There are 2 protein chains.
Amino acid sequence: MPAIPAPGNAVVAQSGGPTAVINQSLVGVVEGLRTHGRGSIGSIFGARHGVRGMVDEIFVDLTSTPPDLLDAVAATPSAALGSSRDKPDAAYCERILAALKKKSIRYFFYIGGNDSSDTCRIVSEMAESTKYELKAIHVPKTIDNDLMMNDHTPGYASAARYVAKAFMGDNLDNASLPGIKINVVMGRHAGFMTAAAALGKQREDDGPHLVYLPEVPFDLDRVSAEVEAVYKKLKRCLIAVSEGVQDRDGTPLLAKLSPAGSEKDAHGNVRLSGTGALGDALAAELSKRLTPAGGKSPRTRADTLGYPQRCYPDASPIDQHEARLVARFAARAACEGATNGSIAIQRIAGPGSARPDQPYAVEFKRVELKEVAAKTRHMPAEFIAGTSGVTPAFCEWLKPLVGEMPRVGRL
Amino acid sequence: MPAIPAPGNAVVAQSGGPTAVINQSLVGVVEGLRTHGRGSIGSIFGARHGVRGMVDEIFVDLTSTPPDLLDAVAATPSAALGSSRDKPDAAYCERILAALKKKSIRYFFYIGGNDSSDTCRIVSEMAESTKYELKAIHVPKTIDNDLMMNDHTPGYASAARYVAKAFMGDNLDNASLPGIKINVVMGRHAGFMTAAAALGKQREDDGPHLVYLPEVPFDLDRVSAEVEAVYKKLKRCLIAVSEGVQDRDGTPLLAKLSPAGSEKDAHGNVRLSGTGALGDALAAELSKRLTPAGGKSPRTRADTLGYPQRCYPDASPIDQHEARLVARFAARAACEGATNGSIAIQRIAGPGSARPDQPYAVEFKRVELKEVAAKTRHMPAEFIAGTSGVTPAFCEWLKPLVGEMPRVGRL
């Protein structure tokens with residue numbers, strides 16, 4: 001690979017649902033370029049609202065942003081550059097490449113999920129086929145934790161921390177005013193977010209008593225029987241349910257329970273976030289099924305944990321740290337010669353690794369874009385317990401990621 | 001008042017929706033009785049699930065619970081004794097009194113809101129009329145902050161902190177992926193909780209851009225115009241709306257938008273918590289009204305902040321401190337001779353007090369039960385700005401209560 005004509009410029013952009021640490025990654029890229037791109041990189045641009053800002057040519061110059069401002073931005077939730085839900089096709093990618101050429105950009109860092117790595121892949125291939133020297137690096141980010149090749153993704157640990165803490169509090173709430181309580185958790189295809197609810201448990205009879213993941217077909221008759229069994233035993237039942245649960249045929253639960261209320265998004269998917277419809281419909285259904293003939297309905301409530309899951313300002317310390325480092329590693333990889341790729345976080349020690357008895361440790365690794373692009377990682381079988389739970393192995397794996405949890409005192 | 005025959009026993013109970021600091025109050029009562037009731041008080045009982053545990057005679061003996069366990073319980077959200085939604089009438093109160101007599105209980109501490117102070121009042125009057133020496137003290141608790149005579153109530157500051165932090169994060173989320181976002185906040189009659197959303201604002205164009213309190217009649221035409229104006233200017237709009245908003249005639253918004261979906265609770269009120277129905281209905285209505293003829297609907301989402309508002313394990317430090325102290329004060333007042341009463345928190349220095357330039361300070365005061373019982377405090381006029389906002393005076397008043405807020409960095 002011939003050297004890139006100096007000074008090539010660099011661009012960094014953020015994509016998809018924001019997270020509590022996506023700005024750590026933004027700042028990590030800038031820091032990495034400043035450290036490792038000295039002499040070979042001209043300006044460092046941030047594109048506003050992801051690929052949208054590239055094609056519309058709306059950039060922020062980050063070349064000389066002071067370190068203390070960068071630190072403040074890094075510690076702030078959500079995407080400081082703005083984000084985008086655009087999923088570029090080939091024509092859109094042509095426009096991205098044209099914009100990069102126009103700005104003499106030779107380094108393209110895209111922080112996002114599997115769609116973003118696919119965008120990197122397409123743009124990188126187009127650049128190659130037109131002989132434009134470009135480095136296209138995908139920096140991982142998603143609260144869903146559904147990227148292949150990764151032990152976990154930046155953003156997940158903070159969102160999992162929120163879910164675990166919300167369930168810890170809600171379990172105590174439910175114990176004080178008993179009833180059936182449903183909390184709907186984000187994650188359309190992968191159950192890692194919903195599974196995190198289990199980390200709020202400290203005692204055998206703590207909730208969540210039932211955890212419903214998108215990986216396990218959701219059968220209303222079976223679920224209803226499971227809820228009834230817990231309710232009979234404990235006089236209460238706290239349920240974690242993924243927004244993405246679906247039946248054996250792949251029909252989303254919401255579409256089944258409330259065909260009228262299930263709105264489709266631009267990609268033709270039933271809209272799951274930003275609405276309480278699923279929780280409400282499931283609460284109504286369970287209440288109906290669990291009401292004895294002529295008897296009183298059990299107190300049934302539903303909350304949809306909603307957007308606070310991704311941007312509540314209480315990030316996991318290790319997530320903040322890793323999001324920054326993985327982005328610096330991406331910048332360094334590009335400066336040291338990588339043409340394209342995605343950076344993955346792999347666990348080399350600690351629970352769930354090959355060295356489970358050692359303290360938690362990770363390493364970063366460049367992987368091929370096509371290994372990540374447009375693929376989805378699911379909860380592995382060893383993390384799923386039966387039809388309505390997670391295994392101790394999952395909780396052990398998750399613990400180092402979320403940071404310290406509050407201590408619970410009981411009478 | 002003649003001295004109570006020694007050793008009289010004491011009971012403490014928790015009532016209504018739990019909070020992040022209601023256990024601080026429980027522990028404060030126990031500590032206060034141990035300190036000030038030495039020699040005059042026999043056993044200290046906790047009643048399980050409020051008045052329900054009294055009439056069912058389900059008690060926990062707290063006389064010798066170790067201080068380190070008490071500390072752990074105090075720091076734990078929700079009601080460690082369990083709570084109750086029972087609203088005792090005269091017949092129920094007779095049963096409470098009979099249970100107190102049976103256990104030789106001469107000190108009754110009830111931690112709760114205005115309904116609980118009314119229970120204290122009725123039981124106290126019944127005891128007096130049957131010449132049973134009883135001290136009945138109400139210890140304030142409610143996230144709604146709607147108790148008369150109080151500057152603020154234990155539980156409010158922590159819930160307000162959660163709301164402010166959730167809005168701070170969600171404002172950044174909404175800025176990164178612009179659209180109309182509605183967050184429904186707890187508080188059926190008083191707007192203090194919803195108003196707390198404004199504390200998340202740090203810059204002029206930050207959200208919440210519109211704040212809808214139950215104190216201001218909710219007019220859909222006017223609200224729709226206000227949302228449209230913000231959306232035209234900023235291309236986004238973050239809205240805080242109280243679950244309790246109602247129109248000029250007192251019809252709850254949910255009953256207006258979705259008559260079929262508005263379930264009634266045991267007291268005949270439309271059920272507002274534990275459902276996303278209001279947010280979803282309002283989102284659908286605004287989306288419909290703001291869609292230009294033949295044009296694209298604005299991206300509109302709703303979250304209902306739900307139960308994490310009251311039990312998310314991230315209490316305000318000052319709330320924890322005051323909840324403990326006000327309960328110790330209640331125990332001391334009883335031990336030193338008060339027959340009945342409610343303890344109020346009054347601000348004697350700091351923003352919103354008679355000495356606004358001094359650092360924040362409060363004092364505790366015994367007030368008559370009838371001054372608090374079954375009454376509701378609302379947001380004062382000087383805290384409400386027009387039809388859709390709060391005043392700087394409100395934010396200044398709130399700031400010392402919620403503790404330090406995260407710092408936001410922006411590019």
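**Close-up views of a predicted two-chain model**

**View 1. The loop that holds Pro208(B).** Pro208(B) sits in a loop of chain B, between helix H7 (192-195) and strand S7 (210-212). The model shown here is predicted. The peptide bond between Gly207(B) and Pro208(B) is cis. Its omega is about 5°. Chain A has a cis peptide bond too, joining Gly207(A) and Pro208(A), with omega about 5°. Pro208(A) lies in the loop between helix H7 (192-195) and strand S7 (210-212) of chain A.

**View 2. A positive phi at Glu57(B).** Which loop holds Glu57(B)? The loop runs between helix H2 (51-55) and strand S3 (59-61) of chain B. Look at the backbone here. Glu57(B) has a positive phi of about 55°. Yet Glu57(B) is not a glycine.

**View 3. Helices H4 and H5 of chain A cross.** Helix H4 covers residues 90-102 of chain A, and helix H5 covers residues 114-129. Their axes come within 9 Å. They cross at roughly 65°. The crossing of H4(A) and H5(A) is right-handed. Which residues of H4(A) meet H5(A)? They are Ala90(A), Cys93(A), Glu94(A), Ile96(A) and Leu97(A). On the H5(A) side stand Thr119(A), Ile122(A), Val123(A), Met126(A) and Ala127(A). By class, the residues of this contact are eight nonpolar, one polar and one charged.

**View 4. Two domains in chain A.** How many residues of domain 1 of chain A are in contact with domain 2 of chain A? The count is 17, and they touch 16 residues of domain 2. On the domain 1 side of this contact, six residues are nonpolar, seven are polar and four are charged.

**View 5. Chain A meets chain B.** Each chain brings 50 residues to the contact: 50 from chain A and 50 from chain B. Several elements of chain A each supply at least two residues to its side. They are helix H3 (67-74), helix H6 (156-176), helix H10 (277-290), strand S9 (300-304) and helix H11 (308-311). H6(A) gives the most, with nine residues. The chain A side has 25 nonpolar, 14 polar and eleven charged residues. Why do the copies meet through the same surface? Because 100% of the interface residues of chain A are also interface residues in chain B.

**View 6. The axis between the copies.** Two copies of a chain are related by a rotation about an axis and a shift along it. Here a rotation of 180° superposes chain A on chain B, with 0.0 Å of shift along the axis. The RMSD is 0.0 Å. The two copies are therefore related as by a two-fold rotation axis. Which residue of chain A has the C-alpha nearest the axis? Gly276(A) does, and its C-alpha is 2.2 Å from the axis.

**View 7. Confidence in the prediction.** Chain A averages a pLDDT of 94. In chain A, 95% of the residues score at least 70. For the complex, the predictor gives an ipTM of 0.95 and a pTM of 0.96. Where pLDDT is low, the predicted coordinates should not be read in detail.

Technical notes
Residues numbered from 1 in each chain as written. Chains lettered and ligands numbered in written order. Predicted model: local features only at pLDDT ≥ 70, side-chain atom pairs only at ≥ 80, totals over all residues. Contact = placed C-beta atoms within 7 Å. Helix = DSSP H or I, 4+ residues; strand = E, 2+ residues; numbered from the N terminus. Nonpolar A, V, L, I, M, F, W, Y, C, P; charged D, E, K, R; others polar. Least-squares fit on C-alpha atoms with pLDDT ≥ 70 in both. pLDDT = per-residue confidence, 0-100. Axes fitted to C-alpha atoms, helices over the stretch in contact; angles between N-to-C directions. Left-handed = near helix turned anticlockwise from the far one by under 90°.
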